[in-house]
Amino acid sequence: MSNVIANRVKEFLKRFPPFSFLTEEALGEVSQGVVIRYFGKDELLFSKGDPAQPYFFVLKEGSISLVDYIEQEEKIVEVCDEGDVFGVLALLGKRPYRLTAKTLEDSLLYAIPVASFDKILTENSRVALYFAAGFASGQVVVRTDLSQSQRARTEFSEISKDNGLLIFTGQSDLNFSKDVLTCGPELTIQQAAKKMADTGVGSIVIVNETNHPLGIITDKDLRNRLVAQGKSFETPVTELMTSPVLTKKKDALFSELYLTMIKFRLHHLIFTEDGTDQSPVVGILSDHDILLSQGNSPAVLIHALMNTWEISEMGKLRDRAEKLLFYYLENEVSMDFVANIITEINDIIIQRIIQLTQRKLADEYPGMEQVKFCFLSLGSEGREEQLLRTDLDNAIVFEDVVQEKLERTQAYFLRLGEEVVEGLLCCGFQACPADMMANNIRWCQPLAQWKQYFSDWILTPSQKAVLHATIFFDFRPIYGTKSLAEEMSQHIYEEIGEKKIFLNFLAKNALLNPPPLGFFRNFIVEKSGEQKDKFDIKLRAMMPLTDIARLLVLSHRVIGVNNTYKRFEKLIELEPNHTELMQEAGKAYEILMRMRAIEGLKNNSSGRYISPEALGKLQRQLLKNTFSPIDELQKMIKVRFQTDFFAG
């Protein structure tokens with residue numbers, strides 16, 4: 001091959017994996033051995049069962065279909081486009097081809113001799129991982145591929161090195177209060193404590209007539225120096241305050257401020273205009289502020305949430321949680337850990353808003369605090385899978401009350417639901433388009449009515465009833481009396497036990513969205529509208545796995561496992577004959593959750609609609625690999641629940 005042609009081949013190959021992992025020298029050697037081949041439309045490159053040829057292929061131009069023959073019917077497994085690598089069985093195992101390759105249009109291919117690539121495959125771990133992860137086209141996915149795929153994501157990605165998420169983020173991120181609560185030295189301790197209570201702060205600075213600091217009193221001082229010592233509330237503040245105080249300028253280096261607080265065991269550091277106690281107070285730095293300035297670690301965010309009653313502050317903290325989320329997702333931190341952290345943060349926000357609302361409504365609805373209730377999260381949040389602030393799905397169940405109290409009780413909980421939903425919207429969550437929220441009277445009901453809902457859905461399972469069941473069966477108690485939620489769960493399993501045919505309806509529903517295998521580029525994309533040419537990862541990939549996991553867990557009468565991949569973990573125990581399939585399904589779901597969340601964070605969207613062309617070859621192949629367990633599970637469901645013979 002002339003150098004000119006070899007250089008053109010090299011320039012082309014280096015754009016695509018696994019050749020993009022090679023050095024210039026190695027790529028040059030490979031390019032020298034490439035054989036350029038041309039095939040007209042509808043020509044065969046190789047047939048299923050043919051012995052492997054001594055080279056594999058890279059598509060330069062045109063289009064190649066990889067097809068299988070099942071029960072004498074041709075089924076397109078994959079369609080290759082520019083840069084796709086295929087026919088690699090010759091390279092990997094020298095086994096006969098499992099698929100047939102033929103051209104869909106006139107095509108130009110590079111045939112890479114196996115002999116020239118064997119050494120590279122042995123010596124280059126990234127190239128080896130590429131093939132082990134099943135990233136070559138038409139490489140039939142085997143059980144280990146998804147595990148390798150997860151590893152490959154990290155190996156092949158440019159991972160964020162944002163250490164600021166873990167350590168100090170610098171002077172610009174230092175938070176401190178500019179509105180310092182002060183009082184004169186003439187006040188009693190009771191008067192000072194009232195000012196602290198009214199403003200909701202844990203310290204007060206005692207100042208002279210020119211606002212120079214004289215001392216400071218904190219919550220801890222009230223406990224240790226007043227109450228514990230049995231002193232009078234009329235004690236002057238000057239007798240209780242810590243004095244003199246340490247002061248600094250607010251623009252001092254963060255390390256200096258932090259070390260001062262550590263060295264002198266200070267919980268508060270006062271800022272003055274010139275940094276001395278002979279100038280006016282301009283701010284105060286607390287150890288809580290220091291903690292917040294340390295970054296977005298989970299402990300910091302959760303601590304901050306637990307110490308605020310401001311909904312606007314909760315929203316800001318949830319914003320910061322998304323930075324943490326992005327860092328974790330990119331760095332392949334275990335999805336179980338990531339989901340637990342984000343769920344905990346979401347739960348605390350909901351709980352705080354409920355508590356705020358209860359206080360707000362206490363005077364208007366006296367006595368209602370005695371009525372037992374439980375706030376429920378549904379759908380993805382109920383499954384502990386809501387990483388992004390997508391649609392809210394929630395409800396309220398309250399204990400059964402006598403008829404004459406029902407109207408007022410329901411009015412109270414509906415107000416509670418309205419306030420909570422409004423608060424969550426202020427924190428950046430999205431409203432449910434189908435209005436399945438606690439501010440809808442239909443989903444704010446006593447226990448008896450909820451049982452009736454579930455009985456109706458199970459005993460007369462219309463299409464709408466099954467849709468409701470898929471959302472409401474994944475409820476999770478967030479706040480209140482959990483036994484109400486447990487009673488609902490028990491009722492559901494008793495009802496299903498009476499009418500097992502309901503599971504057949506759920507099975508039919510779980511088959512509504514088959515994996516998008518066998519279509520152009522392997523993706524079914526939206527044909528029109530705002531999301532035209534985008535792939536619906538929720539509908540086409542995640543929902544089938546969610547529906548199947550729920551169906552199987554319900555069929556085994558397992559209570560208390562809502563999360564999809566935890567359901568697959570449970571199914572590994574319950575169905576040892578399908579251990580590998582359940583493991584792969586769980587891995588697939590984790591990959592899909594991670595992929596959707598990353599896309600959502602990058603594009604400031606729900607991440608639901610993904611443009612396949614924007615994914616890049618590796619990501620597209622990773623996504624395709626997740627379809628395999630969906631396909632296998634749906635085949636299993638079809639047989640187990642006899643859906644072909646069920647007219648529901």
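1. Threonine 182 stands opposite valine 205 of strand E10, and the strands E9 and E10 (residues 203–207) are joined by two bridges and run parallel. Strands here are DSSP E runs of at least two residues and helices are H or I runs of at least four, numbered from the N terminus. The model is a predicted one, in which local features need pLDDT of at least 70 and side-chain atom pairs count only at pLDDT 80 or more, while totals for chains, interfaces and linings use all residues. Residues are numbered from 1 along each chain as its sequence is written, and side-chain values use heavy atoms, with hydrogens and water left out.

2. The open sheet to which these strands belong has three strands in the order E9-E10-E11, with mixed pairing, where two strands pair if DSSP finds at least two bridges between them. Strand E9 (182–183) and strand E11 (213–218) stand at the edges with a single partner strand each, so one side of each is left without a neighbour in the sheet.

3. On helix H1 (residues 3–13), the buried residues are Ala6, Val9, Lys10, Phe12 and Leu13. They cover an arc of only 165 degrees around the axis, which puts them on the same side of H1; the arc is taken from the directions from the helix axis to the C-beta atoms. On the other side of H1, Asn3, Val4 and Arg8 are exposed. The buried residues of H1 pack against helix H2 (24–32), strand E3 (55–61) and strand E8 (107–113), contact meaning heavy atoms within 4.5 Å.

4. Which residues are the closest to the centre of the largest pocket? Of the 46 residues that line the largest pocket, they are Val201, Gly202, His268, Ser286 and His288. A pocket is an open set of points on a 1 Å grid over the protein atoms alone, where a 1.4 Å probe fits, with protein on both sides within 12 Å along at least five of seven lines, and lining residues have an atom within 4 Å of a point. Helix H11 (287–293) gives the most to this lining, with five residues.

Technical notes
Buried < 20%, exposed > 50% of the residue type's maximum accessible area, 1.4 Å probe, protein only.
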